Amino acid sequence: MIPALVERARAGDEEAFASLARGAGDRLLAIAYRILRDLALAEDAVQQTLVLAWRELPGLRDVDRFDAWLHRLLVHACYREARRSRRWAANVRVLPIDGPSASDAGLASVVVRDQLERGFRRLPAEQRAVFVFHHYLGLTLPEIADELGVPLGTVKSRLHYATNTLRAALEADLRSPIQPSREHLA
Amino acid sequence: MSTNERTPAADFDRLASAWLADGPAELADRVLDDALREVHLTHQRRRVAALWSGPFGSRRFLPMNVLAKTLLGLAAALVVAVGGITLLTGGPNSGALGPSPSPLATPRQVGSPMPPPYLDATFTSPLYHYVVHYPSTWRVTPATRMWTRTINSSGDHPYWGDAALDTLQGSDVRLIAWAQPIPQAQGVSQAQAAALWVRNLGIGSLPCVADSELPPTFAVAQGQGQGYTIINGCGFSAPVSLVKDGVIYEVAMVLNGVGWDFTFDGHVDAPYVRDVLLAVSLPPAGLSTEPSPAPAASGGG
């Protein structure tokens, strides 16, 4: 059904594209938020992605690769959003809106979440994307390389540095003073 | 940090996955509705129908004698009003023009290392040595000679079809590019020479502004420099433009004593122009007179 919708949308059928967009929207938002860590930016990235996907869809040669292609557009939109925004972010503890799910109780305490959040915000957008694709979407490194259109070695490198940064954040001394700091999303 | 303090890999993976599992996972209806409204107003890019064959015109603009009486004065006013072309304020070792004071300038974020997916092929100019990303469906015709006219000739630049142009072309969009050294002229600093070059490109340009206009100056070439908008989405009908109801965008940039010119025409808009120019790579060492061994145009996936 999806390939058929893609074919129709590729030919200019807006209703077919709307169906594709409704089907992909939640997933795109989830990915974008986890990369950007900001709902407004994530929503902007998703909106840009959908419009760009419509515009460029005639250039998609393999309709079976629609999802991977859409993910790649989204990641680039996230990169643009990340670079567009520079903000001051107080380096203080952030309580999550949603608590851990029942199955994850005991694994992700508030403190650990805060450490991961702060560590994640120090990562450049490219490393965040690989980290999210691996740990949230569950993709293998070759799959990530294919979806993002980058060499496997680049994916490995980005995941390696992201992991090291987050590990360091988890293992940092919690008693160190918390200072307001300027953080860049990219 | 000692080894026994490190989080075991399996625990780290579980922590990371659990942390990422939390957060919004549902797109708000208003966002989807806004996107679909914009989709309704957005044209899809056409697929390539046929390769362009044969020259459709040898002039880049409408002839100057047609424009001069009615537009030259207006174009001169454009140079002043836009404010995007100014004398250098940088040091003598800088070939780049200084930042424009125009309030319209909204520099696009620099340093984007990866082009958008639809620019899935790469061309390295054998004569001008820049790297540009373009749709793999386009045809590339590299320049076979370098542009050599002096900087002091006002409005002097190659016309479409000139052998000094790199030409990258799809069914309804075309990009031409060229460059020339900007040597220090008599009693004129490098900075002033560069400003003169950019200003000369602007003579004869039209002041029209499309809906999705380029700012007078904006960051280009992965943050290496500023682009100066010479022509901002002005419409020309065939045969001047590639297609009927096509528009033209021309952007100049100066880096390391070299002036670069990128001109788009056809069914093209400002965001597209910015996407391409943001991903351009310019040679850090200026312009060599020696061509690269062979034209390099690689298709992407």
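Is Arg14(B) buried, partly exposed or exposed? At 42% relative accessibility, Arg14(B) counts as partly exposed. For these words, buried means under 20% relative accessible area, exposed means over 50%, and partly exposed lies in between, using a 1.4 Å probe and protein chains only.

Before we go on, a word about the model. It is predicted, with local features needing pLDDT of at least 70 and side-chain atom pairs counting only at pLDDT 80 or more, while totals for chains, interfaces and linings use all residues. Residues are numbered from 1 along each chain as its sequence is written, chains are lettered from A and ligands numbered from 1 in the order in which they are written, and side-chain values use heavy atoms, leaving out hydrogens and water.

Let us stay with Arg14(B). This residue forms a salt bridge with Asp11(B), with the closest N and O atoms 2.3 Å apart. A salt bridge here is a side-chain nitrogen of Lys or Arg within 4 Å of a carboxyl oxygen of Asp or Glu. Both partners sit in helix α1 (residues 9–21) of chain B, 3 residues apart, about one turn of the helix. Helices are DSSP runs of H or I with at least four residues, numbered from the N terminus. An α-helix has 3.6 residues a turn, so residues three or four places apart point the same way. Asp11(B), at 30% relative accessibility, is partly exposed.

Now look at helix α2 (residues 29–40) of chain B, where Asp34(B) and Arg37(B) also lie 3 residues apart. Their side chains meet in a salt bridge of 2.4 Å, N to O. Asp34(B) is partly exposed at 29%, whereas Arg37(B) is exposed at 53%.

Glu117(A) forms a salt bridge with Arg37(A), with 2.8 Å between the closest N and O atoms. This pair links distant parts of the chain: Glu117(A) is in helix α5 (residues 110–121) and Arg37(A) in the loop between α2 (14–36) and α3, 80 residues apart. Glu117(A) is buried, with a relative accessible area of 11%, and Arg37(A) is buried too, at 7%. Together with Arg121(A), these two residues are linked in a network of salt bridges. Over all chains, the structure holds 16 salt bridges.

Finally, follow chain A into helix α3 (residues 39–56), which has 18 residues and reaches 25 Å from its first C-alpha to its last, close to the 26 Å expected. That expected span is 1.5 Å times one less than the number of residues. The helix α3(A) is mostly covered, with 14 of its 18 residues buried.

Terms used. Helices (H or I, at least four residues) and strands (E, at least two) are DSSP runs, numbered from the N terminus.
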